[in-house]
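Please prepare a briefing on the structure shown below, with cut-offs stated for the terms used.

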Amino acid sequence: CGQEEYLVGDHPLSRFVYIQETLSRDIIPTLVAVSIDSVNIDIDPVYENPDTMDELKRTRSSFSTLTMRKKGKYMSAWNIQENFTFRVSAICRVNCDDDRSVQVGIQAGLFHGGKSLCESQKTAEKLVSKDGDTEWEEDLTFDIKVCDIPRMARLCFVLYEILKSSKGVRAKRLKDSRQELYVNPMGWVNTTVYDFKNHLKTGAMTLYMWTTFAEESQSEDLLHPLGTVVSNPNVDHSTALTITFHRYHAEHTVIYPSMEKMIEFADKQDAEAMEEKPTASKNFVEHIKSIAERDPLHEMHEQERKVMWSLRHELVPLVPKLLPKLLDCVEWNDHREVAQVMSLITRQQPPLPVEKALELLDYAYADQAVRSFAVRCLINISDEVLSLYLLQLVQALKHESYLYCDLVEFLLKRALTNQKIGHFLFWHLRSEMHVASVSVRFGLILEAYCRGSQEHMRALERQMSLLDRLKITSEQLRPRRDKEKARHYLQEMLLDPHTLESLSSVQSPLEPSFRCKRIRTAKCRVMDSKMRPLWMVFENDDLYGDDIYIIFKNGDDLRQDMLTLQMIRIMDRLWKDEGLDLRMNPYGCISTDNRVGLIEVVLNAETIANIQKEKGMFSATSAFRKGSLLAWLKDYNQTETSLNKAIEEFTYSCAGYCVATYVLGVADRHSDNIMVKRTGQLFHIDFGHILGHFKEKFGFRRERVPFVLTHDFVHVINKGQTKKEALEFQIFQKTCEQAFLILRRHGCLILSLFAMMISTGLPELSSEKDLNYLRDTLVLDKTEQDALAHFRSKFDEALCNSWKTSLNWASHNLAKNNKQ
């Protein structure tokens with residue numbers, strides 16, 4: 001009721017998610033019977049049969065192999081034994097200080113999946129002219145043969161200057177130098193070695209450099225292998241590097257061999273290797289099964305790699321989940337091993353479960369065939385599961401080297417057959433159109449979707465019009481600091497006829513099943529926080545539906561909040577799959593543009609700070625007193641039954657958020673970003689700092705506990721009892737431990753989902769170092785028993801040091817004495 005969602009089909013009502021969720025929260029489901037004929041369904045005749053895309057794909061893929069063989073002007077790269085060489089010609093428009101002489105050099109490296117294929121090479125260092133130009137015409141030869149360069153190898157460049165001091169720059173000490181010299185990176189750019197048609201690149205090309213360096217994102221030698229392979233589109237103002245690829249045959253174009261040719265090569269190898277193949281003992285197979293379950297960052301011993309690789313044909317059918325680890329054993333700079341692994345994936349590898357398939361779409365797995373196999377493993381997942389992982393799958397597009405790939409096709413297909421997936425795909429892409437490195441790729445995908453779903457495009461246009469109008473309104477309101485005047489001005493602006501039209505009869509971008517009929521001007525207001533968010537209330541288009549409450553934010557980057565809430569949603573699903581309902585509340589949040597987005601309002605809820613204020617305890621010492629939270633819950637739950645239910649809700653939700661915030665390293669936890677609903681459900685808001693990026697003051701960490709568990713919380717869990725070892729608290733601790741162990745068993749999935757988002761633009765998720773935080777909190781290198789002991793020690797630490805949280809909250813309460 002109140003949503004444009006329908007329960008259709010010959011299924012028991014108990015099978016529908018809506019029914020299950022409402023019943024689990026003791027809410028009576030509200031349903032309205034309607035005639036199927038009265039339901040409006042958008043049908044796009046342009047795209048009636050999704051399977052026609054398969055035909056298009058088959059036609060397209062044949063180009064690079066069949067026609068080439070007919071012409072006979074092509075030769076296989078695997079026949080070229082020469083070392084890979086190219087020429088660094090010149091660089092122009094170097095952005096440097098005219099008042100001093102600047103000495104620069106170019107460093108180049110070959111990478112595959114973020115790992116170096118051979119030693120990087122440098123040009124001689126030269127002075128930059130007053131015009132910002134430098135010429136080299138210098139050949140760089142790498143210690144790798146052309147035949148051994150993998151298909152998806154990328155050539156990475158960095159422009160650096162030589163400095164005598166590292167003061168004020170991100171310089172690194174120059175190794176093997178007699179003087180104390182430093183290198184300061186000035187720009188970087190990457191390109192592929194092969195083009196989209198499998199041709200080895202030849203001739204001159206100009207690459208336009210990027211100047212933004214994410215912290216910790218470079219490799220040890222300053223290169224940026226996980227960065228985009230797209231040149232900077234701002235060609236008039238960026239540094240331009242000109243290089244010339246060597247031509248290895250005067251007449252023939254060099255191409256990478258097709259899959260058929262690689263498998264043929266592998267078969268030939270197997271026929272020549274007549275020695276008896278080793279066999280794996282039962283104990284070794286069991287050992288391999290344990291390796292397959294280890295997390296993606298676990299480093300295998302060299303001996304393990306060698307033995308595993310030698311037994312690959314026997315192990316793959318027995319341990320299908322081993323594939324990611326087996327791919328880590330491959331020496332991608334040896335074409336013989338590449339041929340073997342291609343043969344293995346094509347002929348022997350059974351489909352992977354979703355969790356393992358997602359792992360193959362992160363930055364570490366660059367090979368086209370591997371990523372295509374991963375997508376094939378996702379083909380049959382339900383729309384509900386796809387929605388859970390959609391955010392990561394969109395970000396994984398940034399790790400693709402070419403505009404067209406199987407992942408793009410898969411997402412478009414699913415979006416065009418389910419408009420809700422199409423809705424969120426649209427906004428995940430649209431919100432990053434300002435990012436130069438993905439604007440062409442994301443723009444083309446958006447165009448393909450809109451052309452295929454023209455009815456939906458009109459609805460999305462209405463949503464964009466609404467957001468544009470709200471953005472203009474918020475910018476005009478921002479200078480007005482007086483609360484009442486700002487509210488009056490907002491309501492005045494909302495009554496403008498053009499604004500009223502934009503804000504009427506439109507689907508909510510936050511959740512498309514809600515349709516906003518018109519704005520309820522009198523209920524709208526400007527919120528107090530720095531960026532002046534707008535509290536918007538809409539009348540529901542459904543006569544029986546409640547009003548729709550939304551917070552519009554302009555000026556805050558919501559991508560990290562969106563990621564954290566999505567991870568909490570996934571954790572909630574993992575817990576529920578094991579029969580544990582922790583009453584989590586991952587409210588809606590969506591980024592729609594650069595630093596613009598929407599947040600769902602959770603009604604009938606208050607912050608801890610406001611509860612303390614309401615109960616007359618908002619002072620320097622209020623954070624240390626217990627009882628205010630329980631007293632507040634009693635106000636809204638006046639019977640013994642309802643109060644016990646509220647305390648149960650609080651206990652379970654507190655356990656869930658203790659574990660979730662600990663594992664994700666959610667920082668900046670104070671009394672204004674932890675809320676409680678009148679029904680007892682606790683939840684956290686505002687996830688600006690994650691993965692252990694804790695705030696500091698005067699060089700000290702402000703938060704010194706693993707998670708928030710104050711005496712006030714314990715007082716509620718214990719139902720006001722003063723004894724420390726209350727049964728209720730023991731149940732609470734056991735629930736926390738159970739929740740932690742469930743997440744730990746799915747540690748590989750959690751790590752993979754974050755790995756898919758590495759180097760995609762989030763400042764606190766830019767390198768493997770950030771992933772290691774998750775690995776440490778889940779203690780994936782310990783046994784389950786040791787991990788439980790570790791979590792218990794963290795639990796005790798949180799409980800014993802809760803006074804530190806109270807101290808932090810006390811200073812926060814003094815600094816911000818307000819109630820929104």
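In this predicted model, Glu293 forms a salt bridge with Lys321, the closest N and O atoms being 3.6 Å apart (a salt bridge is a side-chain nitrogen of Lys or Arg within 4 Å of a carboxyl oxygen of Asp or Glu). The pair links distant parts of the chain, with Glu293 in the loop between α5 (282-292) and α6 (302-310) and Lys321 in the loop between α7 (312-318) and α8 (323-329), 28 residues apart. Because the model is predicted, local features need pLDDT of at least 70 and side-chain atom pairs count only at pLDDT 80 or more, while totals for chains, interfaces and linings use all residues. Residues are numbered from 1 along each chain as its sequence is written, and side-chain values use heavy atoms, with hydrogens and water left out.

**Salt bridges**
- Glu293 counts as partly exposed at 46% relative accessibility, and Lys321 counts as partly exposed at 34% (buried means under 20% relative accessible area, exposed over 50%, partly exposed in between, with a 1.4 Å probe and protein chains only).
- By the salt-bridge rule the count comes to 37.
- Asp267 forms a salt bridge with Arg347, with 2.7 Å between the closest N and O atoms; Asp267 lies in helix α4 (residues 259-272) and Arg347 in helix α9 (residues 335-347), so the pair ties together parts that are 80 residues apart in sequence.
- Asp547 forms a salt bridge with Arg520, the closest N and O atoms being 2.8 Å apart, and Arg520 is partly exposed at a relative accessible area of 32%.
- A network of salt bridges links Lys398, Glu432, Asp557 and Arg559.

**Strands and sheet**
- The chain holds 28 helices and 25 strands (DSSP runs, helices being H or I with at least four residues and strands E with at least two, numbered from the N terminus).
- An open sheet of 4 strands runs in the order β7-β2-β12-β11 with antiparallel pairing (two strands pair if DSSP finds at least two bridges between them).
- β7 (134-145) and β11 (203-208) stand at the edges of this sheet with a single partner strand each, so one side of each is left without a neighbour in the sheet.
- β11 pairs with β12 (residues 240-245) in the antiparallel sense over 6 bridges, and the bridge partner of Tyr208 in β12 is Ala240.

**Burial and contacts**
- Buried residues make up 53% of the 820 residues in the chain.
- Among contacts between residues at least 6 apart in sequence, 75% join residues at least 24 apart (contact means heavy atoms within 4.5 Å).
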